[in-house]
Amino acid sequence: MSETVSHSITARLNRYAICLAQLTPAKIADLGELVADEIQFTDPFNRVQGKTAFLGIMEEMFRQLQDVRFDLLEWQLQGHTGYIYWRFSAASPLTGSFSAEGVSRICLNEQGLVTRHQDFWDASILMQEFPLLGRVIGYIRKRAAYKAG
């Protein structure tokens, strides 16, 4: 990969990461400008393809949650694949405030558009906040955890 293309890809990943960090309902269209029409998005709850579905997930997140915030902790690029380490915070009437850390694997094409966004995070952190389900998950986590001694 030429140095010019590498610099361009790095700049695009930086722009995408910053867009996520500053994401609001009014800025979802800005995010759409950085992704390919055929983007694939996966996280513990979703698996969709296409820009419309991807942006729909972002819109739904803001409809269901309050105080949504992405804190970017670090990011790096290797070839056309970037990794973003983040902390997501939000609140909902059902769960109250919560936060989780995770990593996004971001694949970019030659034009610097995001073609794949995969989020990896422990969804049980969120599910543990649900009233009944939380007790069950807490019990399972406690039973499955390593016991020193």
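In this predicted model, Phe88 is buried, with a relative accessible area of 12%. Its ring and that of Phe98 have centres 6.1 Å apart and planes at 50 degrees, so the two form a tilted pair.

The structure holds five aromatic pairs. Another of them joins Phe70 and Phe88, with ring centres 5.0 Å apart and planes at 50 degrees, so this pair is also tilted. Phe70 sits in strand S3 (residues 66-78) and Phe88 in strand S4 (residues 81-92), so the pair ties together parts 18 residues apart in sequence. Phe70 is buried. Through ring pairs, Phe70, Trp86, Phe88 and Phe98 are linked into a cluster.

| Residue | Relative accessible area |
|---|---|
| Phe70 | 15% |
| Phe88 | 12% |

Helix H3 covers residues 51-64. At 1.5 Å a residue, its 14 residues should span 20 Å, and the end C-alpha atoms are 20 Å apart, which agrees. The buried residues of H3 are Phe54, Leu55, Ile57, Met58, Met61 and Phe62. Viewed down the axis of H3, these buried residues fall within an arc of 145 degrees, so they line one face of the helix. An α-helix has 3.6 residues a turn, so residues three or four places apart point the same way. On the face of H3 turned away from the buried side are the exposed residues Thr52 and Arg63.

Key: Residues are numbered from 1 along each chain as its sequence is written. This is a predicted model: local features need pLDDT of at least 70, side-chain atom pairs count only at pLDDT 80 or more; totals for chains, interfaces and linings use all residues. Side-chain values use heavy atoms; hydrogens and water are left out. Helices (H or I, at least four residues) and strands (E, at least two) are DSSP runs, numbered from the N terminus. The expected span of a helix is 1.5 Å times one less than its number of residues. Buried means under 20% relative accessible area, exposed over 50%, partly exposed in between (1.4 Å probe, protein chains only). The arc is that of the directions from the helix axis to the C-beta atoms. Rings of Phe, Tyr and Trp (its six-membered ring) pair if their centres lie within 6.5 Å; planes under 30 degrees apart count as stacked, over 60 as edge-to-face and the rest as tilted.
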